[in-house]
Amino acid sequence: MSEITLLITENQIDTLIRSTKEDFPNESCSLLLGSIVDDEYHVKVLKKMENKAQSEYSFHMDSDELMKVYKWASDNGLDVVGVYHSHLKGSNPSDTDLTFMKINPVIWLIYDVSKSTYRAFLLVQDCLKEIKIKISKD
Ligand SMILES: [Zn+2]
């Protein structure tokens, strides 16, 4: 059995970190669009989302903006494979994150601004699982 893996490129990671710096100190959020092949979640397109909460401790995506991105993704043969957001400190999902992970069963990529590190998680049958991240050059 293969392991669930998030495949993302260096450029994509750089873009996410750049967006996070722009939004600092508020949490930054983006959707990761791509495809799922077997247990591999390939990120192909990033969609920067506005954090409507404008908060350092939470994020909230606008439902109209979300619908537009979901529609754009499906028109382009892509799925929403992940949700990215940043934390000022720590890369564990918060209680609020866990609640939304139940509704959005995709990979959650969390960037810890204080340490410049990121981790990915998935809720599998209500169990939090850390997901392997594979970064490629292009
Ligand atoms: Zn969070």
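Why is Leu-98 called partly exposed? Select Leu-98 and look around: 15 other C-beta atoms lie within 10 Å, so Leu-98 counts as partly exposed. (Buried takes 20 or more other C-beta atoms within 10 Å of a residue's own, exposed takes 12 or fewer, and partly exposed falls in between; C-beta atoms are placed from the backbone.)

Before you go on, note that this is a predicted model, where local features need pLDDT of at least 70, side-chain atom pairs count only at pLDDT 80 or more, and totals for chains, interfaces and linings use all residues. Residues are numbered from 1 along each chain as its sequence is written.

Leu-98 sits in helix α3, residues 95-103.

Next, pick residues 63-75, which make up helix α2. From first C-alpha to last, its 13 residues reach 18 Å, close to the 18 Å expected at 1.5 Å a residue (that is, 1.5 Å times one less than the number of residues). After α2 comes Gly-77, with a positive phi near 65°.

Finish with the strands. Select β2 (29-37) and β3 (40-49): they run antiparallel, joined by nine bridges (strands pair if DSSP finds at least two bridges between them). Ile-36 faces Tyr-41 in β3. Two residues separate the strands in this hairpin, where Asp-38 has a positive phi near 55°. Then show β4 (79-87), antiparallel to β2 and joined to it by six bridges; here Leu-32 stands opposite Gly-82.

Note on methods. Helix = DSSP H or I, 4+ residues; strand = E, 2+ residues; numbered from the N terminus.
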